[in-house]
Amino acid sequence: MNATLSGLPEALYLHIPFCRARCSYCDFESSALCEAGVSPRRYADALVELLQALRDRGFLGACRTAYLGGGTPTILGDALPRVIAEVRKATPCLEEVTFEANPESATRELLDKARAAGADRVSIGVQSLDDSILSRIGRIHTADEARRAIAQAADLGFRVSADLMAGLPGEGVEDLSRDALEVASLGTTHVSLYPLEVHPSTPLGARVKAKAQRLPDEDEVAESLEIAQTSLSKVGFARYEVASFARAGEESHHNLRYWDGSAYLALGPSGASMLPKGAYDALREVIPALPEAPRHLQRLRLTCISSAERMVADPTLASLDFRVEGMGEGAAIAEDLMLAARCTRGIPADLDVRAKRMLGKRYEDSCARLVERGLLCEGEDEAFPLRPTQAAWLLSNEIFGEFWALTPDEPVMLA
Amino acid sequence: MGYANRMRIVPRLHVAAIIITMSAHDAYSTQIPRERVRNFSIVAHIDHGKSTISDRILEATHTIEDREMTSQVLDTMDIERERGITIKSNAVRLFYEADDGLTYALNLIDTPGHVDFSYEVSRSLAACEGAVLVVDATQGVEAQTVSNALLAMNADLEIVVAINKIDLPSAEPERIKEEVEDVLAIPSDDAVLVSGKTGEGIHDLLEAIVAEVPPPGGSDDAPLAALVVDSWFDAYRGVVAIVRVMDGCIRARDELRLMASDAPFDAEEVGFRQPREVPLRTLGAGEVGYVVTGLKDAALVHAGDTITSAEHGAAEPLGGYREAKPMVFCGLFPTDTNDFEALRDALERLTLNDPSISWEPETSVALGFGFRVGFLGLLHMEVVKERLEREFDLDLVATAPSVDYHVHTTKGTVLDVKSPKDLPDPSSIAFIEEPILKATVIVPPDYVGAVMELTTEHRGVFENMVYLSERSVEMHWKVPLSELILDYFDQLKSRTKGYASLDYDITGYEEADLVKLDILLAGDPVDALSFIIPRERAQSMGHDLAVKLKEIIPRQLFEVPIQAVVGSHVVARTNVKARRKDVLAKCYGGDISRKRKLLEKQREGKKRMKSIGKVDVPQEAFMAILKVGE
């Protein structure tokens, strides 16, 4: 609670911008990935130095969760456990340390070392358990490697999550459900289901545009997501967010913080931080290049725009570059509503009260409209007065759009 | 505002500078006797290079300093420049020192360049003694070359032929000269070869104008008769008219009168344009210039009207006056219903400059309050809509264009029906008449078959055809105007690979077997989607339109049936499936700002749609009828 009051970050994200190969659907800027000429080991060294600097400034004292994502964190090899150990050291009250793993580089040895260094949760990029689909989307692992990685991680005592994608080229409407059930049976306690997003700038996008690749259409994707969610619920995985399913108590505490308005801090190219004004001002003392935020901007969103190369060359906080976006109180509330509507539990009572106070009748009208259209309903208890309906899950943009439109003012770019 | 441009050309703060130039030019112009005045227009088929030649002439006569030179100087509206067409007339006076050592005053009257504005063109030509007929050295004679040449001949103008674009490798000036002789019977031995692009031949063209265009006649002492060529509204000074003085003269502060609209006014200022305005004491017989009328109502100052003295004026007005009559109508509705008053204000202000627009309130169940607006033609409609949106920052939904039908009821009355939704119940209709036009199509012989097929499909009745030369055939048709305002012109262009050119004139009304086709969305009729169509085409058009609407209307939260209906008979049906998936599934720290922007974009798209009942309908749906062929 103190942490919330002081506004210090409650979650820490470290971005690992390396991949052995780019998946054909990936639209990450190259600056955030596959950094040529930067040694992963030296990048890990830089992260360690930056973590120490943050710790020395007392900036990580409130962190409860940490997450190493990418890219492919498992590419770091032996440097991965070193970074995890440093995270543990820098943040005394961590409840959860997750890292993302790709099946081809998640060896038993590496998983073992990461577990020993203090990680307790691993999120494995499975995407599909069909080898021909995997090769079509440019994944460099097989279904068997994914199965093995899940089983080993579970065996080593990790809480294991698997990512699966819907709407992949060649996927039938039953395939996603079958894969979800299989990863569940292999020992995962958490599954994320994402519909494939096709970006025109990617190789897959180009093939689709040239009609060289057919993709399942909107109806087929919807169908496969619906079948998969039914299957998952039958084996004890409940949806707790748009794309996230977990056994009871196995939710990702880190991810939940993205949606509940908690502060978080990220390091690494394209890493995104969200800080309330107080914490931002504290960070400015360490990173003087950050622009001053006018008082009415209560929430600051930072995106790290330093390259990995630059971070390695000069691993000091002062040399990090950020893009900064500032939001007023009303905008922050609209954003929180939009994010809260991602979760099955719905909109918490205190947010509902603040929204009524700040956004007034417009908020209530929006809620009424959404209820009328069958997208929102009364929550299960007083703590969450409104929640999305079952029918809303595949159409949530309706809710997100309605809530975000309530913002009384646009976010402003400070730098 | 488009006319802000004109104001920019005449900066109000530079009065001192204008006075200096004024006295210089005033002396200059009074020294130029009437024998050395030349009044001329430049006419051409669209894209044959009229505006570039005007620009080169302005440069060659140093009317415009190099630093002020933009392209299409005489086109002052953004839309004119962007589209490369002239909508308003303009008149500039150039001083040209000819090879004979004498200085001539050349009044160049710029005319609109589109078939929608042929009446305005005829008024501009009536102000001239000569016309430069520009013909593209690669394209040759086209429909508007013919119609403009005929207009010029009917106005008894001396025609100077200018073969343009001779810099192009594909130019065939000798062949084009022959074609001009063959087709138009205009001797073209003396045709001037020019390039608006390089400026080559412009000097020769100016010499030809001086040598061939006769000086104006008229007498300063006769009663005043001045032809209004065009007018526009100036917020500070009221209506300013461009005039050609035929007889008599206009002095500043004279008490004057417009004969057709019977409006008295005082000439607050007279002068000529360069295009910056240069005030004069007097505009004498034979001169072209501007008159500041001080009138606040542009509808009083029509092109073609005659200005005379309040007392002892001309006995008869100048001939050829006609009231501009809108031919094409569409509904204009604000996307945001709160903008109704803003749209009214915008129409009022736009009408100040363009009295040929007519408008009256229209109420649509689907689109709310808006206006039924009448235009001279399709291009005029597009331009007005674009100006309303751009200059007045409005977001508008336009319904499909319609014509003015004469509906004879069983009670013997005749109704003017400009909007399909005003068509009465079939049981009370005796018969319907629709406007018919005489269309002239000029094409290379290879495309005669294609034009036959297309025009017959559009209920055209073939009248005759004439070989103008080996390379071009002129076909005459009778076609209902309602066919022309749908996709005829686009189709003509595409089926003849762009070779065909079209000119038309409304000739009258004829009876036709027409019905109203209604569209139902989710079971409710959408009045703004109704249109009037020949009975025999109702079925196929209903089907095509339903299919097109299915493409245009995005999937909604629920299924939307689309039905095309004539009376109570459903002629076609289809449906837009319910939306199944619209979710930004992956949304962690780094995604949030990006997802917000995506939502904003989605919302923007939605805002541009019109909610009809519960269905969000994109604006283009109301124009779907125009896109059925695509």
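Colleague: Which residues is Glu398(A) in contact with, leaving aside its neighbours within four places in sequence?
Modeller: In chain A, Glu398(A) is in contact with Leu370(A), Arg373(A) and Leu375(A). In chain B, the partners are Leu557(B), Arg579(B) and Lys606(B). Contact here means heavy atoms within 4.5 Å.

Colleague: What kind of model is this?
Modeller: This is a predicted model: local features need pLDDT of at least 70, side-chain atom pairs count only at pLDDT 80 or more, and totals for chains, interfaces and linings use all residues. Residues are numbered from 1 along each chain as its sequence is written, chains are lettered from A and ligands numbered from 1 in the order in which they are written, and side-chain values use heavy atoms, with hydrogens and water left out.

Colleague: Back to Glu398(A). Buried or exposed?
Modeller: Buried, with a relative accessible area of 8%. The cut-offs: buried is under 20% relative accessible area, exposed is over 50%, and partly exposed is in between (1.4 Å probe, protein chains only).

Colleague: And where is the place of Glu398(A)?
Modeller: Helix H16 of chain A, residues 397-404. Helices (H or I, at least four residues) and strands (E, at least two) are DSSP runs, numbered from the N terminus.

Colleague: Now the contact between the chains. How many residues from each?
Modeller: Chain A gives 43 residues and chain B gives 26. About 3,100 Å² is buried between them, and carbon and sulfur atoms give 51% of that. Buried area is the accessible area (1.4 Å probe) that two parts lose on being put together, summed over both.

Colleague: Which three residues supply 24% of the area that chain B buries against chain A?
Modeller: Arg580(B), Tyr588(B) and Arg596(B).

Colleague: How many salt bridges between chain B and chain A?
Modeller: The count is 11. A salt bridge is a side-chain nitrogen of Lys or Arg within 4 Å of a carboxyl oxygen of Asp or Glu. One of them joins Arg555(B) to Glu218(A), at 3.5 Å from N to O. Those two also belong to a network of salt bridges, together with Asp219(A), Glu223(A), Glu226(A), Lys577(B) and Arg580(B).

Colleague: Why do such side chains pair?
Modeller: Side chains of opposite charge can pair when their charged atoms come close.

Colleague: How many salt bridges over all chains?
Modeller: 70. Take Glu241(A) and Arg342(A), which meet at 2.6 Å, N to O. Glu241(A) is in strand S7 (residues 238-241) and Arg342(A) is in the loop between helix H13 (329-340) and helix H14 (349-359), so the pair ties together parts of chain A that are 101 residues apart in sequence. Both residues are buried.

Colleague: What about Arg237(B) and Glu277(B)?
Modeller: Their side chains form a salt bridge too, at 2.8 Å, N to O. Arg237(B) sits in the loop between strand S7 (225-234) and strand S8 (238-247), and Glu277(B) in strand S13 (residues 277-280), so the pair ties together parts of chain B 40 residues apart in sequence. Arg237(B) is buried at 12% relative accessible area, and Glu277(B) is buried at 4%.

Colleague: Is Cys304(A) buried or exposed?
Modeller: Cys304(A) counts as buried, at 2% relative accessibility.
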